[in-house]
Structure formats: C-alpha cells, structure tokens
Amino acid sequence: MAAFASAASADELEEARVHALGRKGTLATISKEFGKLTPEERARLGKLLNAVKQELEGEYESKKRRFEQAALADRLSREWLDVTLPAAGIRPGSLHPITRLQEEIEDLFTSLGFAVLDGPEVESEEHNFDALNIPPTHPARDMQDTFWLTNGLLLRTHTSPVQVRGMRKLGPPLRMIAPGRAFRNEEVDASHEHTFYQLEGMMVDRDVSVANLIYFMKTLLSGIFRREVTVRLRPGYFPFVEPGFELDIQCLICGGPGCAVCKFSGWVELLPCGLVHPNVLKLSGIDPEQWGGFAFGLGLTRLAMMRFEIDDIRQMQGGDLRFLKQF
Ligand SMILES: [Zn+2]
C-alpha cells in the first residue's frame, strides 16, 4: 500500500503492482505455502488473503485512474484537435440553379405531353450539322466555333442533334425537349463560356403553325418567370428553320420603358425558334408535305442567370461553394 501511495508515475505504479500482485509477487508466493496448512488454517488465511488482495487492487485501480486522468488533461491542454469528438454531421448539398430550372421546365413540358430525350455530347458531324440543313460548305458552320476531335467526331455545339435522333427514332407525331450541355470554342469572360447548357424543344405534327409556337413559348416563359410575359417575334436566320425568329420578351426589370438591362429598348432577346425547315424533316425521313413542326433552342445557362440574377457566367461552373450554397 505504501508503494502504491508513493508511486510518482504510471510506470512506478505498475512496478509496485507486479511486486505485490503479479504472478511471482508477494501474494502469489504466500499462496504457494498454503499446501503446508491444515484445512481450517487454509480457510481462515484464504479469506484474509482475499481481503488483502481486494484492498490492494482497489488502491491500485484508483491510483491508476488518477494517472490516466492527469495524462488526458495534459493531452487536451496540448492538442487542439480532438479526433475522438463526434463528427459535425453531413453538410447537406443543394441543387445547382441550372438543374433547378431544368427540372422545372421538364415538369412543365411533361405536363404538355412532351418527352424528355437525351443524346450524346460527343456527336457525329452528320447529326450536329448536315442533318440540320448545315452542309459542309454552309457559312452557318462559321457561326459556331467547334471543338473537333482527332477521330472526326466533335463536341456538339448545340443540343439540336437530339432533334435529329428523336425524329429518326420516334417519328411523327413528336413532342420532345432535350436538355443538356453544349460546347463551343469561346473566349471565356463574364458572359461567354466554352461549356453551357441548352434546352432544345420540338413539336412535329399535322397543321403546326406559328400560332402553336407562340402559345408554347408564352406558356414556357410564364412558367419560368412565374408571371405573364409579353413576347414578340423578329425574323431571324437559322438554317434549320423556315421561317426563323428571334423571340424577345418585354423587359421584366422595367416592364417596357427601357433600362440598363434591356439597353433601353424595353425588350430582351431570349431564344431562337421557328418552323422546322422541310429539308430537316426530309433528312430524318419525315415527309414535309404531310408533317410540319416548330423548334426552339433555349439557353438554359443564360435563362438561369436571368431568373436568379447572376451577373457572371463563370460562377455557373466555377464550383465555388460560397456561390453554390446560396441556392
Ligand atoms: Zn428594361
């Protein structure tokens, strides 16, 4: 007991324990002498020995605990990181603003009977250009700076090749949208990115007119901006539609009189659209005498920027959590 009491360290305490309670310690040595005793003596001394042993063990354990607590306190004062503390829990993520908008538009069009189609990001020249009425010598190819791959394929410059795939696979009548990534060799700045999201839409049926186009576009834009929007069509040239239009919406910031956002015109250019060119239908095996259609291409990235008032396109794919956690 005196040795336990005077032990100044865990090592000294352990030494004292081995001496008193170990396999060759004092108590064990005494126990070996038991054979020489009478049964009565053995019972009496056995009891006594057990009591002594328990008392020694109790004293040893309490002294040992004190050393352990002192060691822990010492460690806690030295180490600022306690890896034994429970973790802070999983930080919940959130949907990217483009994903959120895309899902909303998908819901809207699905409710109007449109299918949501997907297509490859690595495309053939035929799907990306030729089948959309853009033959090799066509000047429209110069409007799109294309990433060509060494095997002759390319990174699609728009989501329009999915129209071609949809027409060929499903045939008319057809109602489809195709959201996805597109790629162009752009100089990157606050309003240009080499990778951006589009959402393509197409309807092929009998007697499709510009009136159908306007109806669907107004429904779409009212859904996105959650209010009635005024649209106007201006003639625009795109090889895969005839007639082709630029669709503008009346400025949502100033409502018409003009402001910095609409460059004081009262209108914001939003999306190209038009009636599907007969050649495009023909190239996908659809008879343009029997069927007609409209198509539109929505800049999903740009629309998300307008909807969430984001002024730099580079934020969209920068992966900065400070930006992303706002959504
Ligand atoms: Zn305005």
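Predicted model: local features only at pLDDT ≥ 70, side-chain atom pairs only at ≥ 80, totals over all residues.
Reader: How are the planes of Phe109 and Phe114 arranged, stacked or edge-to-face?
Author: The structure holds 10 aromatic pairs, and Phe109 with Phe114 is one of them, with ring centres 4.9 Å apart. Planes over 60 degrees apart count as edge-to-face. The planes of Phe109 and Phe114 stand at 70°, so the arrangement is edge-to-face.

Reader: Which residues form one aromatic cluster with Phe109 and Phe114?
Author: Both Phe109 and Phe114 are buried, and the two belong to one aromatic cluster.

Reader: How many residues apart in sequence are the parts that the pair of Phe308 and Phe327 ties together?
Author: The rings of Phe308 and Phe327 have centres 5.5 Å apart and planes at 75°, so this pair is edge-to-face. Phe308 lies in the loop between α10 (300–307) and α11 (321–324), whereas Phe327 lies in the segment after α11, so the pair ties together parts whose separation in sequence is 19 residues.

Reader: Where is Pro243, which a cis peptide bond joins to Glu242?
Author: Most peptide bonds are trans. The bond between Glu242 and Pro243 is cis, with omega about 0°, and the bond from Pro172 to Pro173 is cis as well, with omega near -10°. Pro173 is found in the loop between α7 (161–170) and β4, while the place of Pro243 is strand β7 (residues 241–250).

Reader: Is Arg226, with its positive phi, buried or exposed?
Author: Most residues other than glycine have a negative phi. Phi is positive in Asn133, at about 70°, and in Arg226, near 60°. Asn133, in the loop between α6 (125–128) and β3 (154–155), is buried at 16% relative accessible area. Arg226, in the loop between α8 (210–225) and β6 (231–235), has 59% relative accessibility and therefore counts as exposed.

Reader: What is the relative accessible area of Asp189 in the negative surface patch?
Author: The patch is formed by Asp145, Glu186, Glu187 and Asp189, and residues in such patches need over 30% relative accessible area. Asp189 lies in the loop between β4 (174–183) and β5 (195–205). Asp189 is partly exposed, and its relative accessible area is 33%.

Definitions and conventions: Residues numbered from 1 in each chain as written. Heavy atoms only, no water. Patch = residues over 30% accessible without salt bridge, like charges linked within 9 Å, V, L, I, M, F, W, Y side chains within 5 Å. Areas by Shrake-Rupley, 256 points an atom, 1.4 Å probe, with all protein chains shown as cover. Salt bridge = Lys/Arg side-chain N within 4 Å of Asp/Glu carboxyl O. Lys, Arg positive; Asp, Glu negative; His and termini not counted. Charge placed at Lys NZ, Arg CZ, Asp CG, Glu CD. Helix = DSSP H or I, 4+ residues; strand = E, 2+ residues; numbered from the N terminus. Buried < 20%, exposed > 50% of the residue type's maximum accessible area, 1.4 Å probe, protein only. Phe/Tyr/Trp six-rings, centres within 6.5 Å; stacked < 30°, edge-to-face > 60°.
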